[in-house]
Amino acid sequence: MPKILIIEDEPNMGLGLADNLEFEGYLVELAADGAMGLQKAQQGSYDLILLDVMLPNLSGFDICKTLRQQGNKVPVILLTAKGDELSKVRGLELGADDYMTKPFSLRELLARIKAILRRVQPAQPNADTPGPVPIGQLRVDFQAYEAFLQGTPVKMSHKEFEILRYLWQRRNETVSRNDLLEQVWGYEAFPTTRTVDNFILKIRQKVEEDANHPRIILTVHGVGYKLKSANP
Ligand code: CA
C-alpha cells in the first residue's frame, strides 16, 4: 500500500484528508507542523507527501527545498491558498510535483495522487508485462525495449516504447492525450497534444497492419486513444 505523509496544521483539513485517504486504502501519517513534518519526511519512507504551504515553524517551501537539497525525491503535492499564483510557481520551482489550490475537490486530489504514483513507479514498470506481448502485428518486449515483426526487429524510439507501454498498461481503457503527456513526458517539457498525435501515427505504422485503418490503437474522438487487446 502506498504510504502518504500529510503535513497540514489545520486539524479539520489534516484529519479529513487522512480519513479519506485511509478510506481509499492508503497508509497515512499526519504531521501538524513544519518541523515535525520535515523530520518525518526525512526519517520515514513515503510514496508521496501532501504539503501545506502555510505552516507553523517551517513553511511548506522550506520543507520541499530542504528535501530536494538532500536528494530526497519523494513526490510532493503542495496545498496552496486560493488565488496564490506565486506559491504555485515557487513551489514547482522548488521541486514540488504538483499543487492543489484550496478549497479543492477530494476527487481531483485522489486523481492527481494516483497519476503521480503511477508515474513514479518505474522500478516495476514491467510487473504486468513479464515477457514479450502481442500488440497488433508486433511482439513487444518492454523490458528489453525490443519489438519484432514476425521475428524481425522493428526500430522504435524510447518515447514510442514508453507511449506504447502506457497504452498497454491501460489496455482497453480510454487514455486521454493529457494523461499521456503527464505520464510519458512528465513536467520536464511542455509538448503539445499534437506531439502525442504524431507519435501515435508513428507507432501505428509499426503496430497496425494498415495504419490508415487502425484496429489496435483506436482514436477516441475529442479525448485520446484506446489500445484494443484480447489480453485481459
Ligand atoms: Ca496551513
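## Two helices side by side

Let's start with a helix pair: the axes of helix H2 (residues 34-43) and helix H3 (residues 60-69) come within 10 Å and cross at roughly 25 degrees. Axes here are lines fitted to C-alpha atoms, for helices over the stretch in contact, and angles run from 0 to 180 degrees between N-to-C directions. H2 and H3 are therefore roughly parallel to each other (angles under 35 degrees count as roughly parallel).

Where do H2 and H3 meet? On the H2 side the residues are Gly34, Leu38, Ala41 and Gln42, and on the H3 side they are Ile63, Thr66 and Leu67. The residues of this contact divide into 4 nonpolar, 3 polar and no charged (Ala, Val, Leu, Ile, Met, Phe, Trp, Tyr, Cys and Pro count as nonpolar, Asp, Glu, Lys and Arg as charged, and the others, Gly among them, as polar).

## About the model

This is a predicted model, in which local features need pLDDT of at least 70 and side-chain atom pairs count only at pLDDT 80 or more, while totals for chains, interfaces and linings use all residues. Residues are numbered from 1 along each chain as its sequence is written, and side-chain values use heavy atoms, with hydrogens and water left out.

The protein chain has 8 helices and 12 strands, which are DSSP runs numbered from the N terminus (helices: H or I, at least four residues; strands: E, at least two). Of its 232 residues, 43% are buried (under 20% relative accessible area, 1.4 Å probe, protein chains only).

## A four-stranded sheet

Now to an open sheet of 4 strands, ordered E6-E7-E8-E9 with antiparallel pairing (two strands pair if DSSP finds at least two bridges between them). Strand E6 (133-135) and strand E9 (152-154) stand at the edges with a single partner strand each, so one side of each is left without a neighbour in the sheet. On average, neighbouring strands of this sheet are turned by 40 degrees against each other, direction ignored.

E6 is joined to strand E7 (residues 138-141) by 3 bridges, and valine 133 has valine 140 in E7 as its bridge partner. Helix H6 (residues 158-169) lies across E6, E7 and strand E8 (146-149), running at about 95 degrees to E6.

## A closer look at arginine 177

Is arginine 177 buried or exposed? Arginine 177, found in helix H7 (residues 177-185), is buried, with a relative accessible area of 17%. Not counting residues up to four places away in sequence, arginine 177 touches Thr193, Val196, Asp197, Gly222, Val223, Gly224 and Tyr225 (contact means heavy atoms within 4.5 Å).

Conventions. Buried means under 20% relative accessible area, exposed over 50%, partly exposed in between (1.4 Å probe, protein chains only). Angles under 35 degrees count as roughly parallel, over 145 as roughly antiparallel, 65 to 115 as roughly perpendicular and the rest as oblique.
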